[in-house]
Amino acid sequence: MSDETIDAGRADVAHGSGLKHLRLSRVRRDEKIKLGSGAACVAHAPSHDVLLAATATLLMKLTALQDTFHADGRRALLLVLQGRDASGKDGVIRTVYGAFNPTGVTVASFGPPTKLELEHDFLWRVHQLVPKLGMIGVFNRSHYEDVLAVRVRELAPESVWRPRYDQINAFEKLLHEQGVIVRKCMLHVSRDEQRDRLNERMDDPRKNWKFRVDDLEDRARWDPYTAAYREALERCSTKWAPW
Ligand code: AMP
Ligand code: MG
């Protein structure tokens, strides 16, 4: 893949919240994207206080919006969260979902497939957990693991995972046509930051439970994961389900 990159445009979700320097990029299909460590750093990061205040403002807006969304009941919203270990997926879910009425939200976490799940197509377990109309659902990891972990750890041959980019695009199009709004976020953490966070998990008894040996194995495969993430973002950012 070419090293030539285009800076993805900054999304405007933070508009009006004071988060001028938040780095959120919308990926255009087949766009060459940056996934280096530099792209994980914010050049002029707002102070912690500014972030807290802006987050509180956004959470209040979300609370009101979710009520309307739930009452309206014509659409569902699926937020797909992907990211390496310690990239902050759990923290985002804790913070954002704190704003919601629990009866209107679902969270599904995807780990290695069970024997039964492996006896089905890779979307089988995922499809069942897509939120129904009126609901907001978040996927903590997702069907993208089937072109990330599966590809990098060589759990299936390329002839199996390669067609999955098109299969995923078709699946997400089906959801879109059925009224599910699909939005996907990759939380991009730098290699150094991940090292610090994993060390903290090992050293701090309150965080030991989050640490798994697999995390170090995946960290050792940093570059193959970068390539796999890049291809997933480039090939599966569609009009109907953008990254
Ligand atoms: P965590 O999110 O850190 O609790 O870990 C879940 C683990 O499950 C990660 O290492 C994922 O890569 C792995 N995982 C999730 N889905 C799949 C899948 N379809 N195939 C293989 N591994 C998966
Ligand atoms: Mg893990």
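Two strands pair if DSSP finds at least two bridges between them. Strands (E, at least two residues) and helices (H or I, at least four) are DSSP runs, numbered from the N terminus. This is a predicted model, in which local features need pLDDT of at least 70, side-chain atom pairs count only at pLDDT 80 or more, and totals for chains, interfaces and linings use all residues. Residues are numbered from 1 along each chain as its sequence is written, chains are lettered from A and ligands numbered from 1 in the order in which they are written, and side-chain values use heavy atoms, leaving out hydrogens and water.

In β3, Asn140 is the bridge partner of Ser109. Strands β2 and β3 (residues 136–140) pair in the parallel sense over 5 bridges. The open sheet has 4 strands in the order β2-β3-β1-β4, with parallel pairing. β2 (105–109) and β4 (180–187) each have a single partner strand, so one side of each lacks a neighbour in the sheet.

Asp85 lies in the loop between β1 (76–83) and α2 (89–97), and Asp215, 130 residues apart from it, in helix α9 (residues 213–220).

Buried means under 20% relative accessible area, exposed over 50%, and partly exposed in between (1.4 Å probe, protein chains only).

| Residue | Relative accessibility | Class |
|---|---|---|
| Asp85 | 12% | buried |
| Asp215 | 4% | buried |
| Cys185 | 30% | partly exposed |
| Cys236 | 0% | buried |

With a disulfide taken as a pair of cysteine sulfur atoms within 2.5 Å, the count comes to 0 disulfides.
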